[in-house]
Amino acid sequence: MNKNDEDKFVIILGCLLLFSVQILGNMIVIAIPSITETLKLSMDASNAVTLVYLVLVISLILPFGKFISKYGVGKYLKIGIILGIISLFICAIAPNYLIFIIGRILQGISTALICCAINLTLSLQLSGETFGRGIGIVLSLGYGGLTLSYLFSGFITYYLSWRVLFLSLIPFYIIALYILIKLNKEWFSESQIKIDYKGSIIYFIFMILLSTSLSYLDDKGILLLPISFILLIVLVVVEKNTEYPLYNLKLLRNPDYVIGNYASFVVFFITFITIYILNFYLQYHEDYDPSVTGLFLLPAAISMIVVAHFAGKLTVKYDVRLLSALGCVILIFATYIILLMDFIPTYYIFLACIVLGIAEGFFLASNNRHVVLTINREHFIDSSTFLFTSREFGKTVSLALYFLISGLVFGDAGTYEGNLLHLVMTGEMMMRISMVLTVSVIILLIGVWYKNKRNSKKVESK
């Protein structure tokens with residue numbers, strides 16, 4: 001097989017896997033009420049179904065990146081795909097919560113492996129113009145998975161079952177595995193570099209403890225929070241004194257890069273929890289079935305893709321920081337409408353979904369370019385992995401805070417059924433927090449734009 005054919009197969013492989021992972025990451029949102037009813041889950045158990053997956057992804061993706069680049073990307077991509085197939089089958093046949101949560105744990109590990117390996121495979125296989133074009137195609141198909149996830153999961157859950165929903169992704173994984181076997185190629189990136197096992201273990205424990213503590217601050221989590229911050233300090237010290245650190249901390253000296261990642265954290269915090277809240281509101285409060293809920297939420301993803309394509313062209317003409325800030329301004333309007341969800345007609349909420357997608361489209365197109373422009377090509381793997389972690393961490397923290405607030409609001413109720421007022425109150429509180437965070441991003445983005453513009457004028461005057 002020649003180089004051009006290999007490049008095409010790698011791009012197809014990336015599209016298939018990112019498409020599948022995007023659906024897997026979002027479909028659970030629509031399916032949770034049905035899963036909760038079938039398996040008789042408490043509110044805490046149903047929350048854990050989503051949280052455990054996200055926590056494992058963000059805890060493992062950085063450590064996996066260094067490990068598989070040293071010992072063989074293709075080999076561990078195969079392991080990730082096979083593990084994904086097994087995990088989907090386990091969830092589909094799970095007779096109880098314990099078996100189901102084991103499946104979700106395996107899915108988190110599988111997704112972390114797949115996302116790491118795909119980034120590395122694209123970076124190591126593609127070169128020149130093919131690299132930029134390939135990344136663009138793969139990301140577009142990933143957005144396609146996001147678009148279809150709500151409709152796909154809603155219709156399958158309602159007309160077949162949530163068990164079939166998990167089984168329906170297995171063919172995508174099998175085709176990807178076939179392509180990988182057909183390629184019969186291995187990729188290595190940093191075979192001479194030592195693995196930072198100490199930093200990896202500290203990072204993994206830190207992320208687990210931090211996510212857990214944020215979810216249960218009203219209980220034992222308050223004791224875990226200071227331990228988490230101590231571990232963070234230890235991690236920074238260890239990384240500074242390691243020849244081959246888990247993550248290149250020098251990248252964090254760049255204010256543009258840091259703000260770009262923080263902005264990504266906040267926007268994914270808001271967009272994920274907004275969809276999560278709307279799903280519960282529509283299914284419990286408005287009594288919509290999963291298929292109608294999926295249709296209701298679909299415009300958010302469609303408008304995001306359409307606007308992202310348009311905004312991508314604008315990034316050539318206008319400053320990416322200002323375009324990112326514009327996306328955040330639009331996001332405030334969406335969150336404000338949803339804040340009033342219990343006092344306005346349902347079609348206003350539908351319009352809010354469209355506005356949410358427009359905001360995310362503007363932001364994604366510009367922020368991706370914003371972060372990429374701040375780094376050199378040799379730091380692509382570290383940068384892309386950290387950006388992915390920032391996004392998934394935003395989702396994780398938003399869920400953790402939502403669970404914390406819902407625990408305080410619901411008290412001993414333990415279920416969403418019959419507690420619609422509490423459900424609305426929890427959503428309103430999350431929207432207020434979201435608006436505050438969005439304002440902070442706007443201030444930072446405009447601030448760094450103004451600073452860079454002033455510095456440019458000083459250089460020109462000299």
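In this predicted model, the axes of helix 2 (residues 43-71) and helix 4 (residues 97-125) come within 7 Å and cross at roughly 35 degrees. Axes are lines fitted to C-alpha atoms, for helices over the stretch in contact, with angles from 0 to 180 degrees between N-to-C directions. The crossing is right-handed (the near helix is turned clockwise from the far one by less than a right angle; left-handed if anticlockwise). The contact of helix 2 with helix 4 has 22 nonpolar, six polar and one charged residues. Here Ala, Val, Leu, Ile, Met, Phe, Trp, Tyr, Cys and Pro count as nonpolar, Asp, Glu, Lys and Arg as charged, and the others, Gly among them, as polar.

Helix 3 (residues 73-93) and helix 7 (residues 170-183) have axes that come within 10 Å and cross at roughly 160 degrees. Helix 3 is therefore roughly antiparallel to helix 7 (angle over 145 degrees). Their crossing is left-handed. Residues in contact (heavy atoms within 4.5 Å) include L77, I81 and L88 of helix 3 and Y173, L177 and L180 of helix 7. By class, 13 nonpolar, two polar and one charged residues form this contact.

The chain has 15 helices and zero strands, taken as DSSP runs numbered from the N terminus (helices H or I, at least four residues; strands E, at least two). Of its 462 residues, 58% are buried (under 20% relative accessible area, 1.4 Å probe, protein chains only).

Residues are numbered from 1 along each chain as its sequence is written. Local features need pLDDT of at least 70, side-chain atom pairs count only at pLDDT 80 or more, totals for chains, interfaces and linings use all residues, and side-chain values use heavy atoms, with hydrogens and water left out.

Note on methods: Parallel < 35°, antiparallel > 145°, perpendicular 65-115°, else oblique. Buried < 20%, exposed > 50% of the residue type's maximum accessible area, 1.4 Å probe, protein only.
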